[in-house]
Amino acid sequence: MDIIDSTRYRRAKGVSTRQAFLILALVFACSLLVLLLVYASFPDLEPDEVQHIKLPKDIDDAKNLGIVLSRYKDRFFYQVLGAVFIIYIFLQTFAIPGSIFLSILSGYLFPFPVALLLVCLCSAVEIGRASCRERV
């Protein structure tokens, strides 16, 4: 069995562990910035509705979020659609639990063909991103 010298292996790859963590932190910070921009551009909410605009952690959170978003979906369709898309990609990219609730929420908010296309597109984007990462 051949033991690989980690220093030589690291040089062959071209990126040190420290650089990899810095890149990861930068990507995460940029993703959080995009989420904050989505949140800032979201329409004004009633004071009792603000508490429900968060990443769903259980089915009740998803139901409450769905009720609030369904009110705004009719007036701000593309903003709600874009927000669901961006949050779904964020959750999948960083392996944060909750993307299944967004799939259910999409089925609640949008007609079946739109929800199916949205979830399939989000999954395809994530699969494409993951396959590009494996090649690097």
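In which crossing, left-handed or right-handed, does α3 pass α5? The crossing is right-handed. A crossing is right-handed if the near helix is turned clockwise from the far one by less than a right angle, and left-handed if anticlockwise.

**Basis**

This is a predicted model, in which local features need pLDDT of at least 70 and side-chain atom pairs count only at pLDDT 80 or more, while totals for chains, interfaces and linings use all residues. Residues are numbered from 1 along each chain as its sequence is written, and side-chain values use heavy atoms, with hydrogens and water left out.

**Overall fold**

The protein has 6 helices and 0 strands. Its pattern along the sequence is α-α-α-α-α-α. Helices (H or I, at least four residues) and strands (E, at least two) are DSSP runs, numbered from the N terminus.

Of the 136 residues, 27% count as buried. Buried means under 20% relative accessible area, exposed over 50%, and partly exposed in between, with a 1.4 Å probe and protein chains only. The accessible surface comes to about 9600 Å². Carbon and sulfur atoms hold 66% of that surface. The areas come from the Shrake-Rupley method with a 1.4 Å probe.

Among contacts with a separation of 6 or more, 61% join residues 24 or more positions apart. A contact means heavy atoms within 4.5 Å.

**Two helices**

The expected span of a helix is 1.5 Å times one less than its number of residues.

| Helix | Residues | Length | End-to-end C-alpha distance | Expected span |
|---|---|---|---|---|
| α4 | 77–93 | 17 residues | 24 Å | 24 Å |

The α4 span is close to the expected value.

In α3, the buried residues are Asp61, Ala62, Leu65, Gly66, Val68, Leu69, Tyr72 and Lys73. They pack against α4 and α5. In α4, Val80, Ala83, Val84, Tyr88, Ile89, Phe90 and Leu91 are buried.

**How α5 is packed**

Helix α5 covers residues 99–109. From α3, the contact uses Ile59, Ala62, Leu65, Gly66, Ile67, Leu69, Ser70 and Lys73. From α5, Phe101, Ile104, Leu105, Tyr108 and Leu109 take part.

α4 and α5 pack at about 160°, with axes 9 Å apart. Axes are lines fitted to C-alpha atoms, for helices over the stretch in contact, and angles run from 0 to 180 degrees between N-to-C directions. The two helices are therefore roughly antiparallel. That term applies over 145 degrees; under 35 counts as roughly parallel, 65 to 115 as roughly perpendicular, and the rest as oblique. α4 passes α5 in a left-handed crossing. On the α4 side, the contact is made by Val80, Val84, Ile87, Tyr88, Leu91 and Gln92. On the α5 side, Ser99, Leu102, Ser103, Ser106 and Leu109 contribute.

**Two loop residues**

Ala95 sits in the loop between α4 and α5. Its phi is positive, near 55°, in a residue other than glycine. Ala95 is exposed, with a relative accessible area of 66%.

Leu55 lies in the loop between α2 (17–41) and α3. Leu55 is partly exposed, at 32% relative accessibility. Leaving aside residues up to four places away in sequence, Leu55 touches Ile87 and Leu91. Leu55 and Ile87 are 32 residues apart in sequence, yet 8.3 Å apart in space, C-alpha to C-alpha.
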